Amino acid sequence: MTRAGITARGGAYLVLGIVLFLPWFTTDFAKFCSLGAIYAMMGLSLNIVVGYTGQLSLGHQGFLGLGALVTANVVAQADLPSYVGIALGVLASAAVAIVLGLVALRITGLYLSLITLVFGSAIATSLFALPSLTNNNSGVQLVRPPYFSGNGDWYLVCVVVLLAVYYLDYRLTASKTGRALLAIKENERVAEAFGIGVTSYKLLAFALSGAIAGLAGGLYAFRSEIYSDKDFQDPQGFALALLFVVLCVVGGLGNRLGVVVAGVFFGILNDLLDRLFGIGWVKDVVENIPLLKGYYGANKGSLASLIGSLLLLQTLLFNPGGIGGQLRPLSRWMTGNRFELHEAAESGPAAVEGSSVRA
Amino acid sequence: MSVALLGHAATTAVPLAFDTQLKIGQPLILGIVQGAIYGLIGLGLVLLYKSNRIFNFAQAEFGTIAGLCTLLALNGRLFGISWHMPYAVAAVVGVLIGTLTAVATERLVIRPLFNRPKVILVVGTVGVLLTLIAIESLAFPQGDTLPAFNDPKQGAVTDLKDPSFRVGFAGYNVSWAQVLTLIVLVALALGAVAFFRYSRQGTAILAVSQEPTAAQAVGISVSRVSLLTWTLAGFLGSVAGLLALQSTLVGPGIVTGTALVGGITAAVLGGITSLPGAFLGGMLVGLIQTFAAANVDFRGSQSVVVGLVLLLVLLVKPTGLLGSEA
């Protein structure tokens, strides 16, 4: 790398850092940006299950909700410090994820996605709605820890945690575990014949996925400053589970950078649309367009959901690499390689990134 | 589903510890009717599983499309022209549009992804589901109540003024819509059996599902069979949706929310490759659900019990009750 190359990349990282820091100055927008960071974490969590082990989970909102539930109740009802609450939420989600992983050892493919679908709605209707855990259905109020009470401050916490999770995920794929998971995904029996402990690695993947989702859940509870099970009950809960699948696919399965970008995009999309459509002349125009005028009706989130689902179909049909595939020349340049639009096929651990999902 | 609630015949006088009517009779009727809808959804899922080896997560949403389009056909207004169609015509329009949605799904999403991994196809159906729900909520922000087919207020096809009638069994009110649901289920079940046993098209579908390459070798067009299967599945989903939505507030994603998980569970419980199994599974899931709701005093017992049943079936007998392969 030349001197100029180092300077240019350093400048790029600086710009990225500044852009990441900007929402701190806002209040409402920071709240949506922290939702973006939380969705990005959920994307990374689901990416471990879908992208690395090749199983489709349709119940990941259950882990998010469990993390939020445990964190909120430990902090608000048991009066323990917030980091204890978040840690317990992580543990609870990881434990439940291991149970689901045990099921995944015997049941794979379509049937597993079915089990996860039922898991998500069953845990929401049974556990999440227990009156003792939801303050008699009125929601558990919780206060953010001192020094982090503002929306902007909490946004920074979310970003730092996201970066940590991102690094953890990078270490996972670059390590022996990542290679083992890839081998298991490609062919379980061959992997076993080479001495890879399929059982423990699969359980590890599920536990890690659950732990990250639980962490995201804890941040989510503090972000909204109230825990209510309504976010996870079925029309919304199912929509949330599907949203996580959408952002994983749109980001590019197995591609952590793409998943994070997609997560942030879907996190702030609703707010951006709200701002855009709130402008006077935009409203005048949109109200005369047949389908779009429904945006001002009862269902605010439906336009974002339409954009998301069309992006999903577009990704599946025309652009299987997703956002991550598009960003790949840039991300390779940022990590010190030459800028090439069409790289040569490579082998080794990095091949985890772009490989497809099987079932 | 309009819950035609029980008439209390004899129970008011002596407070019994175990109310037979409440705990057994009512769940029995509701369960059978609910199970009929699950069975219809499950039947479509089985058909698509046989031909494409996937679950179609958009299956129940074809029903919502049918319901919304029926509503629109009953009392429509577009570009200043308004119309009122008779109920039968509106229902046909709704089912037609629901079926066309399935056909479009096959053409635009399934066919291009045909040779990709199955998970990608499943995610494709999820994408279709989300797109349909989003379009519905943009086009019908408020939602409306779909009247029962014999509701005297709107486009009744019969002279049955009373939307419910009293059946001689333990003094329950059963609505005509519920009776219709059962009749349609039986008719479609017999029709499906006849179609797959006696017609060339039905045999072709079975042939492709068993061995696509060999079927192609004897001159069956796999892509035409796929289109036919999706048409049938769309029709079944639309009919199921219309029946499920009788005198219900129709909003975006309603049939998916109420009947998709039940339908999938029904298909798996009966054996994902077995058509009669889907009906049997539907009945069982419907009954298990309503009995659990009536007898297990625990929040969300319906979905928990169905989840447990599904888990148990998959762990103990993954082929289901009547299926031959997992």
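Modeller: A residue is called buried when its relative accessible area is under 20%, and exposed when that area is over 50%. Cys69(B) has a relative accessible area of 14%, so this residue counts as buried. Please keep in mind that the model is predicted.

Let us turn to the part you asked about. In the contact between the two chains, 49 residues of chain B meet 44 residues of chain A. The size of an interface is often given as the accessible area lost when the parts come together. For chain B and chain A, this buried area is about 3,900 Å², and 80% of it falls on carbon and sulfur atoms. Several helices of chain B take part: helix 3 (87-110), helix 4 (118-139), helix 9 (254-270) and helix 11 (301-316) each provide at least two residues of the side that touches chain A. Of these, helix 4 of chain B gives the most, with 16 residues. Sorted by class, the side of chain B that touches chain A consists of 37 nonpolar, 9 polar and 3 charged residues. As for specific links across the interface, the count between chain B and chain A is 0 salt bridges.

The partner, chain A, deserves a description of its own. Chain A contains 14 helices and 2 strands. Of its 359 residues, 53% count as buried. Among the contacts in chain A with a separation of 6 or more, 77% join residues 24 or more positions apart.

Ser34(A) is placed in helix 2 of chain A, which covers residues 28-52. Because its relative accessibility is 1%, Ser34(A) counts as buried. A polar atom of the side chain of Ser34(A) lies 2.8 Å from the backbone oxygen of Lys31(A). Leaving aside residues up to four places away in sequence, Ser34(A) touches Tyr155(A), Cys158(A) and Arg223(A). One of these, Cys158(A), is itself buried, with a relative accessible area of 0%.

The mention of cysteines leads to a last point. A disulfide is a covalent bond between the sulfur atoms of two cysteines.

Technical notes:
Residues are numbered from 1 along each chain as its sequence is written. Chains are lettered from A and ligands numbered from 1 in the order in which they are written. This is a predicted model: local features need pLDDT of at least 70, side-chain atom pairs count only at pLDDT 80 or more; totals for chains, interfaces and linings use all residues. Side-chain values use heavy atoms; hydrogens and water are left out. Buried means under 20% relative accessible area, exposed over 50%, partly exposed in between (1.4 Å probe, protein chains only). Contact means heavy atoms within 4.5 Å. Buried area is the accessible area (1.4 Å probe) that two parts lose on being put together, summed over both. A salt bridge is a side-chain nitrogen of Lys or Arg within 4 Å of a carboxyl oxygen of Asp or Glu. Helices (H or I, at least four residues) and strands (E, at least two) are DSSP runs, numbered from the N terminus. Ala, Val, Leu, Ile, Met, Phe, Trp, Tyr, Cys and Pro count as nonpolar, Asp, Glu, Lys and Arg as charged, and the others, Gly among them, as polar. A polar contact is a pair of N or O atoms within 3.5 Å; within protein, one must be able to donate a hydrogen and the other to accept it, and residues adjacent in sequence count only if both atoms are side-chain atoms.
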